[in-house]
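Hello,

Here is the structure I promised to pass on to you.

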Amino acid sequence: MAAEIGHDKVDPLDESSGPSSPGAENTKPEKNTTTEHDAGYSQDGPALPKGQNGANAAHGSDGDDNDDDDDDTDEDALPRTKSKKPGLLSRLAAKLELDVPTLITMFRGSLPPVIGVAMYQAAPVTEYFNTLGYLVPIISVIALAMLPRGKFLMNMVLNVLCVCFGSAISMLALWSAVQARIHTTPPGAPLTRVPTYNASQSAVCGVWLFANIWFCNVVRAKLPAFNIPVIIYSILVNISATFGPFMTTTAAAEAFIKQLTTTMLVALALAAGVNLFVFPISSRLVAFKEFGAALGLLRKTVALQRAYLISIESDDMFSMATRTGTGATAWPEHKPKLTKEAKAAKALEEAGAQLRELSGKLQGDIPFAKRDVAWGKLDANDISDLFTLVRNTYIPVLGMTTIIDIFKRVSERRGWNVDDDAPDELVAQKDHEKHVWNEVMRQMHEPFAILSEAIDQGLEHAGLLLELLPRPKKDKSPKAVDVEARGEEIKPGEPGFARVIDDKIEAFNFKRGELLKTWVEHGGLPTDGDEDGVEMPGYANSAERKEREQVQLYILLFMENLMQTSGEAVQELVAFADAKVEDGTMGKKRLIMPGFRRLRKWFLAILSNQDASTEQAPDLMETANNVAHFSDGYTHKRDPEHLPPATRWEHFGNGLRKISAFFGSEESAFGIRAACATMTVGIIAFLEPTQVFFMEQRLVWAMIIIAIGMTMTSGQSVFGFLCRIGGTVIAMVCSLVIWYIVNEHVPGVIVFLWLAIFIDYYFFIKFPRFIPAVMITIVTQVLIVGYELQVLRIGQAAAEATGQRWYPTYLLGPYRLACVAGGSAVAFFWTIFPSPLTDRTWLRRDLSATLYLLANYFSVINSTLQSTLDDTAGDPDVPNSPANQLLKIRRKIFGKVMMLMPSMSQHSAWQKWEPTIGGKYPREAYDEIILRSTRIMGYLTLMSYTLAHRPRPVQVPGDDDASENETKTPEIASTPEATLENDDRVWINALAQVLVTLNPAHHTILSTLTLLSNALLSGQSLPPFLPLPRPYEMTRRLMKLNQDPDAGSDSDLDEAPIKLVNSRTLLSESASASTRDLLAKSAADRPVGDILDPRNMEQPGYAEFAVMQVCTTLVSDDLAALVKAVSGLVGVVDFSFHVDHQKGGKDVVVGGGGEGLGGSASASSSETTLGGEAKRFTSRASMAERRGRREKERAARWGKGKGKID
């Protein structure tokens, strides 16, 4: 249950809507409205910190750290009003985060069980349900009536199916048990009032119980959507199987199953009625409120981005506190005072993290919103388009936040994060680059102010038109109603405001060229007639200086490109909003129903169990009339022990192997564990000496606790065990208070029971980590109080007629505590016995799957880039074209990784509860891998977005009458979506021809990610040398190619050449001699040296190439950290050693230690005797250091210059 609710956690948005006007913060609607979009609550969104949705205007407030720069703010012009001090209740509600959405959710959750308890007091209900009436409120709690409508209806359909199927299976089990009694009872046996014990009947019930529990838990483990339905199914099967030995006739069995089924269905009906009619909340509403929160966070992020850029106009962006690999801040012993830049960077990073979290939540809620039935305006296709547009907006906005990371890595890579005693040459280099960036950021101030204002107002305009943000209150002051003073000003949300946004974006594009001019003036690349450029101190090597200047240009173009794409994405969003208003979509509501195709996809999604890799996605590629041949990445995962079946007999054999694989799977093993745990308690009901004891003490509830508490991993089991015990203790105390505080009066008991459940749901909502404890608390309270109310209604004699002994409340509470504790202990035992599946193991698998998905994602991006350069991708809107297939697979992988990220975080949190036996768990290393994987995913997403971005044509301001040919497009994305004329592809074609002679870094990144994934999954050690690309390796090769066209070969670029071959064909990937000759022959017409010339920056594709270079470098840096972390976990295959000669005549052997085989290395040398001496093997600091040490030793033995050392 915890896993299910953890994925669909219920937590209303604290800030239910974005700001109503620029600069507004913490804006909330005054009251709930009836419109679907404006209701001030969200059932499923994450709790957002205050002010998250209220973004400061880009031109008005940049945060507290920028108050000194806002000299243009006229504080005297602002009206001053006395703010009334909030009362005690208001302060308490604010501290507890008790707002209207939270109270509504608490009320919706607490209502079904109270209705179930209250309705049992009616005579007709009591007569029908008899002793099973207490099940109604319990099942209504498990049905989770507070979920949004889409998720609840999905659970409801599955719950009803499981109840009906379980009733049929239970009837079959009881019929077979009755037949066993009939066939084993001697003829003429005397009839007794109480059924006699029958071993055959009990054995049949036990077998059916074991098989049912095994099967339903296999389904539960294999299909997570069946988590809650399987719990209800288990309760039904447990009750029917344990009552089965007392059934003497088929008619009695039928009546019992009918009564039990009706009880379950009535409970589900109660939950459905509350969900659909009491403060109904649709999944669409959840998505819309999350859209509104996303718009608010985007506005806030852009404002903070501007504050950060302002801060580095004068501060040192290379000297701020650096962060360790796990994300913690590495401070000195005495914390220095944070600089203005450090404060702005910290705020920006926090806003970016909040936006990423919300985007992941939105990714999971969109499918439910599209399937929901509603009376609204936007249909499923509109929601899908809106999500795409919002995603296209937040990707470049989040990409701009990477400038902080870029400056940090530049500082670390060049050794600029040092103390004041650094060499003068290093200080001079740092000061010069700092000066360049200070000047560039000053020049960027005005363009980004224009852009940030356009983005802020554009997001507000779109949110107002689509009713994602509340309309601002009309200002009734005399100044506001003065039409003449207002003039022709158009505000967001008014017709024609899109043109205002377009004008501001065009103004930004017009001013972008000044940034490059400033960069050239303060140390940029040489221009015409200036071969050496501006003199830079500290650079003795001209090639090094040019490389660093080229990197500066890349970073500058990187920021410019992201700014431009952010503005264009907002323009697309504004155009979408205007179009929905113009076509009447937002004018009136209508009934929105999901189509048959969408329902079919939903049904298949529930029943599918696709592996966390792109190969298990046949629905993407299994279509007819393919226009291209696709590689292995598009097909099913291969079996290394079997070739693909070719005959019918081989296909039949594959089907047989699937059966054996099913029974040998981890899911089947979990089902066996759950069945054994259930039978550990259930066996008491099937043995003659203990059968009566089982019924008297209601041990069936221990079996139900096992059904609720069984988890696949041990970390969740430990935490769940403690939570269930703690929750039961709290429930016992609360039940005693509820029962005796009103002196056992039924109306008072029902009221206080509702109040207790109402309070319990506060912790359910605000602390989702403790959902297991809260659920057990609610269920136990309902069980104790509901059973006592049942006894009061039907009488003690009727209650004990079924064999259950009656206890007063003060005894029933402790007995229920013992029952729950026993069931929890049994569930915990069978989770770790005979061999536990730990959360640490699961986390390692998730990380391996994530790295493998990242490798696939990078491969798809590389294929997209290659097909774009070759102009062979085609139109992505044409089905089955290569561009269309690549687009689908990119989206598929992105969705899978976004779903894996929360899973890794959950397992990382659960593993803390697992006992450590032996060595310590390397938590820091796993946290490092999670952090680096998340960063790599962000950079790859930015690369994918850059390739897929379709630019908007930009017209120079003032040229309204210009013809289409005069329209200027600064950059046209080098993508299959962008249709480029032949003249526009000159630079792209030149780059494509040059890359033929080079081996790009993409191959090494892909290979390394795949190798790291397999090493984590299998635990096998890594090789001692891995192909890791150097930062800006492609730029370095292109610059060298500029000096010598034949220098593109690997033999000239690498001291230790390797042959890069295709793993399928074994053919070399390097360029042939004929290709290089052809390239050299065409050098006169198209000089190779002009590829990286800054004068080409206006060429289509140059800016995108810069973005790809920056992102690839960031990926390479994180990849190096991944290699270090993974090698620390699995080891390195290395048996090398060297001898350190120390004083005192002792020689210490230092070596790799044979980490690959887990053993120790031994060696002998003519220069040293190892017998009797201590052998010490240590790992080197890095592979480069190890290689250099070997070369020095060999040079010392054989003399320098005798031969090349391999």
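Phe129 counts as buried, because its relative accessibility is 5%; buried means under 20% relative accessible area, exposed over 50%, and partly exposed in between (1.4 Å probe, protein chains only). Please keep in mind that this is a predicted model, in which local features need pLDDT of at least 70 and side-chain atom pairs count only at pLDDT 80 or more, while totals for chains, interfaces and linings use all residues. Residues are numbered from 1 along each chain as its sequence is written, and side-chain values use heavy atoms, with hydrogens and water left out.

Rings of Phe, Tyr and Trp (its six-membered ring) pair if their centres lie within 6.5 Å; planes under 30 degrees apart count as stacked, over 60 as edge-to-face and the rest as tilted. By this rule there are 25 aromatic pairs. One of them joins Tyr128 and Phe129: the ring centres are 5.2 Å apart and the planes stand at 90 degrees, so this pair is edge-to-face.

Another pair is made by Trp214 and Phe662, with centres 6.1 Å apart and planes at 80 degrees, so it is edge-to-face. Trp214 belongs to helix α7 (residues 199-222) and Phe662 to helix α20 (residues 648-663), so the pair ties together parts that are 448 residues apart in sequence. Helices (H or I, at least four residues) and strands (E, at least two) are DSSP runs, numbered from the N terminus. Trp214 is buried, with a relative accessible area of 15%, whereas Phe662 is partly exposed at 30%. There is also an aromatic cluster formed by Phe107, Phe279, Trp754 and Phe758.

Which residues does Thr262 touch, leaving aside its neighbours within four places in sequence? They are Tyr128 and Phe129, where contact means heavy atoms within 4.5 Å. Thr262 sits in helix α9 (residues 250-277) and is partly exposed, with a relative accessible area of 23%. From C-alpha to C-alpha, Thr262 and Phe129 are 8.6 Å apart in space, and 133 residues separate them in sequence. A polar atom of the Thr262 side chain lies 2.7 Å from the backbone oxygen of Lys258.

Asp99 is found in the loop between α2 (88-96) and α3 (100-119). Asp99 is buried, with a relative accessible area of 13%, and its side chain makes a polar contact with the side chain of Thr102 at 2.6 Å. A polar contact is a pair of N or O atoms within 3.5 Å; within protein, one must be able to donate a hydrogen and the other to accept it, and residues adjacent in sequence count only if both atoms are side-chain atoms.

Two charges over rings are also worth a look. The charged end of Lys151 sits over the ring of Phe368, 5.3 Å from its centre, and Arg840 lies over the face of Tyr921, 4.5 Å from the ring centre. The rule asks for NZ of Lys or CZ of Arg within 6 Å of the ring centre and within 35 degrees of the ring normal.

Finally, the whole chain. The protein chain has 38 helices and four strands, and 52% of its 1206 residues count as buried. In helix α23 (residues 700-709), ten of the ten residues are buried, including Trp701 and Met703.

Best wishes
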